[in-house]
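The following note is intended for a colleague who is new to this structure. Its points are numbered and may be read in order.

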Amino acid sequence: MAEQDKPIAGGCACGHVRYRLTSEPMIVHCCHCSWCQRESGAAFAVNALIEADRVELTKGNTVEVPTPSVSGAGQRFSRCPNCQVTLWTNYLGMSGGMGEMIRFVRVGTLDDPAPFPPDVHIYTSTKMPWVALPPDAPAFEEFYATKNVWLPASLERRKVLQAAAGSPVP
Ligand SMILES: [Zn+2]
Ligand SMILES: [Zn+2]
């Protein structure tokens, strides 16, 4: 995925928080797990995975809210202190110490989410029966092997993170 000239900007509902992504994400997940359903109050969560240092806060501040996760390691929601909309989350149990390095930006908080459809659907075993996926959409009942799904350029970006985290590259 190429760097793009146009900033990819987003923000919360009340306007206190504004942010921009300095490149396209590595991948966009649509997660149908029951945890994402509960946390979003909806049928699924759409998350753009991107290096933390490619998310620039351009206005306001976030508050970090610890939240339980299925792994037991916990996650952290970054919310607007006023309207409490979640802008992104970090999964602290991610392998190789990458939990702090990858933000899961909530695609619905982008000013224009349309250019970022899901690259992959995950945890479809708990998908709502009335959600129909596009027939050609990559979908997994649980999770997937990154090397089989991510585009080569994104795998290269992941390698950089793994090297920085000091974890072995599989
Ligand atoms: Zn707000
Ligand atoms: Zn989920």
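Where is the place of tyrosine 123? The first point below takes up this question.

1. Tyrosine 123 lies in the loop between β10 (120–122) and α2 (146–149); helices (H or I, at least four residues) and strands (E, at least two) are DSSP runs, numbered from the N terminus. Its phi is near 55 degrees, a positive value in a residue other than glycine. Most residues other than glycine have a negative phi. Tyrosine 123 is buried, because 22 other C-beta atoms lie within 10 Å; the term buried requires 20 or more such atoms, exposed 12 or fewer, and partly exposed a number in between, with C-beta atoms placed from the backbone.

2. On the source: this is a predicted model, in which local features need pLDDT of at least 70 and side-chain atom pairs count only at pLDDT 80 or more, while totals for chains, interfaces and linings use all residues. Residues are numbered from 1 along each chain as its sequence is written, and chains are lettered from A and ligands numbered from 1 in the order in which they are written.

3. Glutamine 84 also has a positive phi, near 70 degrees. This residue is found in the loop between β7 (75–79) and β8. Glutamine 84 is partly exposed, because 13 other C-beta atoms lie within 10 Å.

4. Proline 25 occupies the loop between β2 (18–21) and β3 (27–31). With 25 other C-beta atoms within 10 Å, proline 25 is buried. Beyond its neighbours within four places in sequence, its contacts (C-beta atoms, placed from the backbone, within 7 Å) are Ala48, Leu49, Ile50, Val105 and Phe116. Proline 25 and arginine 54 are 29 residues apart in sequence, and their C-alpha atoms are 8.9 Å apart in space.

5. Four bridges join β2 and β5, and leucine 21 stands opposite valine 55 in β5.

Note on methods:
Contact = placed C-beta atoms within 7 Å. Pairing = 2+ DSSP bridges.
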